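Have the sequence and the model open side by side as you read.

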Amino acid sequence: MTRSLDVCLTPALIPLYNVEDYIVVVIDIFRATSSICYGIENGAEAIIPVSEVEECAAYREKGSGYLLAAERNGEVVSGFDFGNSPFSYTAEKVAGKRVVLTTTNGTHALHLSRKARKIVIGSFLNTTSLCTWLRAQQGNILLVCAGWQNNFNLEDTLFAGAVIEQLKNDGFILDDPAIAANDLFQIGKNDIGQYLSKTSHGERLRKLGIEKDIEFCLQVDLTTAIPVLDGERLVKLV
């Protein structure tokens, strides 16, 4: 059976795909999916993605069992426990905890993909374990790039290209965005940090003084956990 390996370059394009026909990988390298992978690796019981800040705040009424994380435009929303910096998702902070998370781009992309056969989370941190798992699945795969405010971005597309690099010789049919993403990866793969230093979102984060977050998110295979959406919660795939 031939399988499709497709790339959706921005959440605005998700309506063009029959997502129910796909396993979807949500990608938001700077920083939501990187932090989710790190948090699940570090023992978070669950990460609950919500679209709006108000939805996140509503969990205050549900008791003290939740950490509330909200980010907009790269900054922690005032009044919340933390945002989406990976350094907030250490074992000391999240092990055994439930984190409710809303971000500018990543949780938006995830929300729009909810009709998929299955949704998993990808980042450079879990590249190899993710690709090994994807290779063993049946059916089509859609890599959904969260982009920036519904627009294209380099870092998510480059990571999609890194996934395609590992899977392209396994009999998948690639669509044009997948071919383009892999071509982009060929350009940047020898020094991903240098190549992505030109990105607009990277520049936004640098202006906020969080270059260390960028460096952290570009580490390859720091984790092995694959977060998977189970109902309303992201948990560790077993």
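Call something a disulfide when a pair of cysteine sulfur atoms lies within 2.5 Å. By that rule, a search of the whole structure turns up zero disulfides. Cys 8, for one, is in no disulfide, and the nearest cysteine sulfur, that of Cys 145, is 7.4 Å away. For Cys 131, the closest cysteine sulfur belongs to Cys 37 at 12 Å, too far for a bond.

A word on the ground rules: this is a predicted model, where local features need pLDDT of at least 70, side-chain atom pairs count only at pLDDT 80 or more, and totals for chains, interfaces and linings use all residues. Residues are numbered from 1 along each chain as its sequence is written, and side-chain values use heavy atoms, with hydrogens and water left out.

Buried here means under 20% relative accessible area, exposed over 50%, and partly exposed in between (1.4 Å probe, protein chains only).

| Cysteine | Relative accessible area |
|---|---|
| Cys 8 | 0%, buried |
| Cys 131 | 0%, buried |

On to the helices, which are DSSP runs of H or I, at least four residues, numbered from the N terminus. H1 (residues 32-41) is mostly covered, with nine of its ten residues buried; Cys 37 is one of them. Just after H1, Gly 43 has a positive phi of about 95°.

How do things look in H9 (residues 200-207), and which residues are buried there? They are His 201, Gly 202 and Leu 205. Looking down the axis of H9, these fall within an arc of 105° (taken from the directions from the helix axis to the C-beta atoms), so they line one face of the helix. They pack against H6 (154-167) and H10 (211-217), contact being heavy atoms within 4.5 Å. Just after H9, Gly 209 takes a positive phi of about 75°.

How values were computed: Helix = DSSP H or I, 4+ residues; strand = E, 2+ residues; numbered from the N terminus.
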